Amino acid sequence: MASHPLNFHAVVVGGGLVGKTAALALAQSGLRTALLAPPAAGLPAGAQFDSRIYALSSSSQTLLERLRVWQALDRSRLGPVFDMRVFGDAHAELHFSAFQASVPQLAWIVESMMIEQSLDAALHFQPSLSWFESRAQGLTIDDDAAHVALASGEMLQTDLVVGADGAHSWVRAKMGAKVDRRDYRQTGVVANFKAEKAPGEAAYQWFRDSEIIALLPMPNDHVSLVWSARTEHADKLLALDPAQLASEVEHATQNMLGALDCVTPAQGFPLALQTVDKLIAPRVALVGDAAHLIHPLAGQGMNLGLRDVAALADVITNKESFRNLGNPILLRCYERARREDIQKLMVATDGLQRLFSVPGTLARAVRNTGMALVSAQPLVKRWLVSAALG
Ligand SMILES: Cc1cc2nc3c(=O)[nH]c(=O)nc-3n(C[C@H](O)[C@H](O)[C@H](O)COP(=O)(O)OP(=O)(O)OC[C@H]3O[C@@H](n4cnc5c(N)ncnc54)[C@H](O)[C@@H]3O)c2cc1C
């Protein structure tokens with residue numbers, strides 16, 4: 001027998017960091033919110049660090065502070081980045097510094113699990129939040145409400161469905177959005193290492209042979225690797241034992257940080273560019289990777305998703321009281337507020353990825369000369385830093 005539907009102002013589908021942040025922002029504004037997500041799994045037994053690490057910009061910090069999640073993070077596991085050194089594939093080098101850009105830090109390096117556990121703790125305190133550990137499997141929309149059927153059998157009725165269900169979004173498919181996907185034929189290989197030489201508070205990035213390697217600083221002389229490698233090369237890297245992988249990374253990074261000791265198993269994530277023709281449909285708004293997918297070379301996907309959440313929460317908080325959350329005018333305001341930021345980052349990350357993928361001596365000379373020119377222009381560097389900080 002069908003049960004009576006449960007009523008909410010908003011239903012957030014998807015429990016990645018973006019979905020959980022969206023649910024917390026809505027619940028903290030007093031809105032009856034449902035979150036469809038599993039709780040944080042915790043680190044595997046014996047693991048010191050999460051292998052998923054994010055470089056978070058000040059816009060993400062501001063949102064998480066506003067939600068009082070940032071304050072709950074373990075300070076000893078938070079790493080500020082004050083300097084960034086970028087190496088081209090022909091001796092060009094760019095140096096960005098927080099001091100020169102007059103900002104407190106370029107980014108914060110944070111483990112995914114740390115944020116998720118703080119979000120979960122905050123969500124459990126929210127009286128207006130209902131947590132369903134189930135997936136959405138049916139969505140119908142009529143003039144009065146959206147109706148979400150859960151795999152567990154419950155039926156939810158709501159003014160607004162927030163699709164935060166990642167790059168292969170089910171909500172997006174249900175709302176009939178068109179997706180344009182271009183596979184980079186690369187895999188992001190991530191792992192953490194203990195480094196012989198302290199990275200200090202500096203992040204390093206190398207562009208070499210159409211691949212991009214980043215080492216991000218973590219506490220106690222650890223570093224986090226993001227190696228955007230061609231798929232067939234990534235498969236080989238992922239098949240190596242920890243000592244062999246460490247030696248490959250030492251070689252590829254010219255032993256910048258001395259000997260490396262791999263402390264978390266490597267994981268791989270296929271990389272693609274994905275654009276979506278609309279972020280909204282009647283009673284639906286997309287946020288996070290459901291709305292856009294970009295190359296991780298600038299470490300901006302999560303930051304972009306959290307800025308979606310901040311924009312959606314702002315539009316909802318400032319709405320006139322006679323409008324409900326699914327009101328088309330509100331949703332259009334949200335979509336307008338997000339278009340430019342998303343577009344800019346897509347063009348920038350895709351452009352850089354393409355620039356460093358072009359083979360040949362001429363292309364190499366052009367891009368390295370470009371880097372040298374940027375390096376000599378403090379104002380351009382300052383602009384690049386402020387663009388990256390969001
Ligand atoms: C190698 C790599 C490094 C990166 N580094 C950075 C970085 O340094 N900084 C940065 O800002 N970004 C970074 N990113 C990007 C960042 O990881 C993503 O943008 C971010 O994780 C997207 O989060 P999300 O919550 O939108 O999606 P996801 O994390 O994919 O979460 C979606 C959730 O929805 C759930 N779901 C799916 N379907 C349903 C359904 N029907 N019902 C209920 N739930 C459902 C899924 O199970 C999942 O839990 C990186 C990405 C990669 C690949």
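Analyst: Happy to. The centres of domain 1 and domain 2, taken over C-alpha atoms, are separated by 30 Å. Domain 1 covers 6-59 + 114-180 + 274-352, and domain 2 covers 83-106 + 184-271 + 358-389; these bounds come from an automatic or database domain assignment. Residue numbers start from 1 along each chain as its sequence is written. Keep in mind that this is a predicted model, where local features need pLDDT of at least 70, side-chain atom pairs count only at pLDDT 80 or more, and totals for chains, interfaces and linings use all residues.

Where the domains meet, 14 residues of domain 1 are in contact with 19 residues of domain 2 (contact: C-beta atoms, placed from the backbone, within 7 Å). On the domain 1 side, strand E3 (53-56) and helix H2 (58-66) each supply at least two residues (DSSP runs, numbered from the N terminus: helices are H or I of at least four residues, strands E of at least two).

Now the core. The largest nonpolar core holds 112 residues, and Val-12, Ala-22, Ala-285 and Val-287 have the most contacts inside it. Such a core is a set of buried Ala, Val, Leu, Ile, Met, Phe, Trp, Tyr and Cys residues joined through C-beta atoms within 7 Å; buried means 20 or more other C-beta atoms within 10 Å of a residue's own, C-beta atoms being placed from the backbone. Helix H7 (residues 301-317) gives the most to this core, with nine residues. Both domain 1 and domain 2 give residues to this core, so it lies between them.

Leaving aside neighbours within four places in sequence, Val-287 is in contact with residues including Val-18, Ala-22, Val-162 and Leu-312.

How values were computed. Contact = placed C-beta atoms within 7 Å. Buried ≥ 20, exposed ≤ 12 C-beta atoms within 10 Å, placed from the backbone.
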